[in-house]
Amino acid sequence: MTDITVVGGGFAGVEAAWQIAKRGLSVTLYEMKPVKFSPAHSNTGLAELVCSNSFKATRLGCAAGLL
């Protein structure tokens with residue numbers, strides 16, 4: 001069976017990995033935390049909300065603001 005790779009353990013990455021696994025497929029999820037953090041990250045867990053296009057935050061502490 002082909003292993004599907006998901007890069008990033010944010011909301012989208014965790015959801016993608018879960019949906020893949022629910023369908024009985026093999027999935028590997030890679031996440032940089034807790035080894036490395038961006039300025040927008042504040043906890044070690046998965047699915048941390050660090051940005052949202054709907055929020056349009058411009059703070060440097062969030063991913064949208066960094067962009």
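The legends below describe close-up views of a predicted model.

Local features are taken at pLDDT of at least 70 and side-chain atom pairs only at pLDDT 80 or more, while totals for chains, interfaces and linings use all residues. Residues are numbered from 1 along each chain as its sequence is written, and side-chain values use heavy atoms, with hydrogens and water left out.

**View 1. The whole chain and its elements.**
The chain contains two helices and two strands, in the order β-α-β-α from the N terminus. Helices (H or I, at least four residues) and strands (E, at least two) are DSSP runs, numbered from the N terminus. Of the 67 residues in the chain, 21% are buried; buried means under 20% relative accessible area, exposed over 50%, and partly exposed in between (1.4 Å probe, protein chains only). The chain exposes about 4,800 Å², and carbon and sulfur atoms supply 62% of this area. Accessible areas come from the Shrake-Rupley method with a 1.4 Å probe; for residues, only the protein chains shown count as cover. Contacts are heavy atoms within 4.5 Å. Among those in the chain between residues at least 6 apart in sequence, 20% join residues at least 24 apart.

**View 2. Confidence along the chain.**
The pLDDT, which is the predictor's confidence in each residue from 0 to 100, averages 81 over the chain. A score of at least 70 is reached by 72% of the residues.

Strand S1 (residues 3-7) pairs with strand S2 (residues 26-30) in the parallel sense, over five bridges. Two strands pair if DSSP finds at least two bridges between them. Between S1 and S2 the chain passes through helix H1 (residues 11-22), and this β-α-β crossover is right-handed. Right-handed here means that, with the strands pointing away from the viewer, the path from the first strand over the helix to the second runs clockwise. Within the pair, Asp3 has Ser26 of S2 as its bridge partner, and Val7 stands opposite Tyr30 in S2.

Ile20 lies in helix H1 and counts as buried because its relative accessibility is 16%. Not counting residues up to four places away in sequence, Ile20 touches Ile4, Val6, Leu25, Ser26 and Val27. The C-alpha atoms of Ile20 and Thr5 are 9.9 Å apart, with the two residues separated by 15 places in sequence.

**View 3. Leu25 in the loop between H1 and S2.**
Leu25 belongs to the loop between H1 and S2. With a relative accessible area of 40%, Leu25 is partly exposed. Leu25 and Asp3 are 22 residues apart in sequence, yet their C-alpha atoms are 7.3 Å apart.

**View 4. Glu31 and its polar contacts.**
Glu31 is placed in the loop between S2 and helix H2 (63-66). The relative accessible area of Glu31 is 26%, so this residue is partly exposed. A polar atom of the Glu31 side chain lies 2.5 Å from the backbone nitrogen of Gly9, and one lies 3.1 Å from the backbone nitrogen of Lys33. A polar contact is a pair of N or O atoms within 3.5 Å; within protein, one must be able to donate a hydrogen and the other to accept it, and residues adjacent in sequence count only if both atoms are side-chain atoms. Leaving out residues up to four places away in sequence, Glu31 touches Gly8, Gly9, Gly10 and Leu46. From Glu31 to Leu46 the C-alpha distance is 8.0 Å, across 15 residues of sequence.

Lys33 is buried because its relative accessible area is 8%. A polar atom of its side chain lies 3.1 Å from the backbone oxygen of Asn43. With residues up to four places away in sequence not counted, Lys33 touches His41, Asn43, Thr44, Gly45 and Glu48. The peptide bond from Lys33 to Pro34 is cis, with omega near 5°. Most peptide bonds are trans.
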